[in-house]
Amino acid sequence: MNSREELAPAVASILEAARQRQGPGERVAVTPRDFPAAVARAEADGRVPVVAEVKPTSPTTDGTDDRDPVELAEEMVAGGAAALSVLTEPEHFGGSCETLRRVREAVDVPVLRKDFLLEEQHLDAVEADVVLLIARFLDDLEGMLTAARERGFQALVEVHDRTELRQALDAGADVVGVNNRDLANLVVNLETFEAVAPDVPDDVTLVAESGIAMPADVARMRRAGADALLVGTAIMRGSGTVTENTRRLTTPMTDR
Ligand SMILES: O=C(O)c1ccccc1NCC(=O)[C@H](O)[C@H](O)COP(=O)(O)O
């Protein structure tokens, strides 16, 4: 692992659990729903492209949301989500591959598998349209990217700073996420995206991740260059229904 920086204890624990996980031993072959096309479709429809996340719990969340993930996913799509993200990490996020399977079957938008994939065999646990590859945790990012694409997956390569962005681009990433959550202390700061985004080439689909809570945050990330926003907590735990919480973020501020 590329461990230039300290990790929060929760993240170290997530990685330890991931290292113990075995793949199924059989390789998946996926026919993916096109993620950049879904982003473009949302734009053309006048929706802000939001990737809404089914996130039952997390190290920074109290309690576990046990609502039916398929119903949540359908509500997110009804609220205008361009794509969905589904946690499959079980120990710290309450996710599962079975949840992803059910959600993907129920909706027709692309579904991102949100997990901590460290080895090629981890890719084979379940079919998804997009997989998350976290640059900091992968010594051979290019190898994982190739392995993901060989199976048919698109890959969202997550970075936290310019050094990781350079690694992602050198590895051939064409969908990049900048995560505003600092892995050393789990604090979110939208300035992280603003610092990295100017160095992302125009032909890369750029996603702002974490800490996007309200329409003003959406506008801020869009001004900084985000093509899409990945949002979990504000949609899952906002004050309205999941559909209302999603629509609040997918509606451009100028339409209010
Ligand atoms: O969300 C956490 O508590 C967390 C803790 C440790 C590592 C990763 C974590 N989150 C992963 C994510 O990237 C978010 O689930 C995703 O970007 C949505 O973030 P948010 O809208 O802030 O819930």
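**Close-up views of the ligand site and a cavity**

View 1. The side chain of Thr60 has an N or O atom 2.5 Å from an oxygen atom of the ligand. For Lys55, a polar side-chain atom lies 2.7 Å from a ligand oxygen atom. In the side chain of Asn179, an N or O atom is 3.0 Å from an oxygen atom of the ligand. Of the 510 Å² of accessible area that the ligand has on its own, the protein covers 96% (Shrake-Rupley method, 1.4 Å probe). Residues are numbered from 1 along each chain as its sequence is written, and side-chain values use heavy atoms, without hydrogens and water. In this predicted model, local features need pLDDT of at least 70 and side-chain atom pairs count only at pLDDT 80 or more, while totals for chains, interfaces and linings use all residues.

**View 2. The shell around the ligand.** The ligand is surrounded by 17 residues (a heavy atom within 4 Å). The closest are Glu53, Lys55, Thr60, Lys114 and Thr233. By class, the shell holds 5 charged, 7 polar and 5 nonpolar residues, with Gly counted as polar.

**View 3. The largest cavity.** Phe35, Val51, Ala83, Leu84, Pro110, Val111, Leu112, Val130, Leu156 and Val175 line this cavity (a set of points on a 1 Å grid over the protein atoms alone where a 1.4 Å probe fits but cannot get out; lining residues have an atom within 4 Å of a point). Its volume is about 50 Å³. The whole structure has 2 cavities of 30 Å³ or more.

Note on methods
A polar contact is a pair of N or O atoms within 3.5 Å; within protein, one must be able to donate a hydrogen and the other to accept it, and residues adjacent in sequence count only if both atoms are side-chain atoms. On a 1 Å grid over the protein atoms alone, a cavity is a set of points where a 1.4 Å probe fits but cannot get out, and a pocket is an open set with protein on both sides within 12 Å along at least five of seven lines; lining residues have an atom within 4 Å of a point. Grid points are joined across faces, edges and corners, and a volume is the space filled by probe spheres set on the points.
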